[in-house]
Amino acid sequence: MPYNSKYNKVVLITGSSRGIGASLATYFAKNKYYTVINYSNSKNDAEKLYDSISQIVDKKYLLLCKADVSKRNDVNKMFKKIIKIFGKLDILINNAATVWSMGVFVVDSDPRKVRELMETNFLGAYYCSQA
């Protein structure tokens, strides 16, 4: 990897198209890490972040990767792409999450929403950690 960096590390931040994930992606890119920006549904936000960061570092050190972390197949494809482009992954930050509205209790929730929350928040981290 010819990137001129004292770290020479590759970082993946899941759910990094906005919020804390976007801040983390910006931080790592500014500090010369190869940075993978992951999104599932927020394509416009992810592209804006990618464009913003590419004003700071060369695009060849960034990877924009659409993958729903709650789907094992998406996760496997994302990791294969990361390895193909960067050759390795050093740091995984499991940031992707689904949240409920404040004041909503699990027992009052639609079972589909509970499943979505568990698949993203628990299985997503599990699948990424296994890949």
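I took a nonpolar core to be a set of buried Ala, Val, Leu, Ile, Met, Phe, Trp, Tyr and Cys residues joined through side-chain atoms within 4.5 Å, where buried means under 20% relative accessible area, exposed over 50% and partly exposed in between (1.4 Å probe, protein chains only). The model is predicted, with local features needing pLDDT of at least 70 and side-chain atom pairs counting only at pLDDT 80 or more, while totals for chains, interfaces and linings use all residues. Residues are numbered from 1 along each chain as its sequence is written, and side-chain values use heavy atoms, with hydrogens and water left out.

**Cores.** I looked up the largest nonpolar core and found 17 residues, with V36, M78, I82 and F86 having the most contacts inside it. Strand 1, strand 2, strand 3, helix 3 (72–86) and helix 4 (111–130) each supply at least two of its residues, the largest share, 5 residues, coming from helix 3; helices (H or I, at least four residues) and strands (E, at least two) are DSSP runs numbered from the N terminus. I then listed the contacts of M78 (heavy atoms within 4.5 Å), and, not counting residues up to four places away in sequence, M78 touches L12, N38, C65, A67, V69 and C128. A second, separate core has 15 residues, among them V11, I13, A25 and A46.

I read an open sheet of 4 strands in the order 3-2-1-4, with parallel pairing, where two strands pair if DSSP finds at least two bridges between them. Strand 3 (62–66) and strand 4 (91–93) are the edge strands, each pairing on one side only. Strand 2 (residues 34–39) pairs with strand 3 in the parallel sense over 5 bridges, and N38 stands opposite C65 in strand 3.

**Helices on the sheet.** I noted that helix 1 (residues 19–30) packs on the sheet, touching strand 1 (10–13), strand 2, strand 3 and strand 4, with its direction at about 170° to that of strand 1. Helix 2 (residues 43–53) lies across strand 2 and strand 3 and runs at about 165° to strand 2. For these angles, axes are lines fitted to C-alpha atoms, for helices over the stretch in contact, and angles run from 0 to 180 degrees between N-to-C directions.

**I83.** I placed I83 in helix 3 and found I83 partly exposed, with a relative accessible area of 42%. I83 and V10 are 73 residues apart in sequence and 9.8 Å apart in space, C-alpha to C-alpha. Leaving aside neighbours within four places in sequence, I83 is in contact with K88 and L89.
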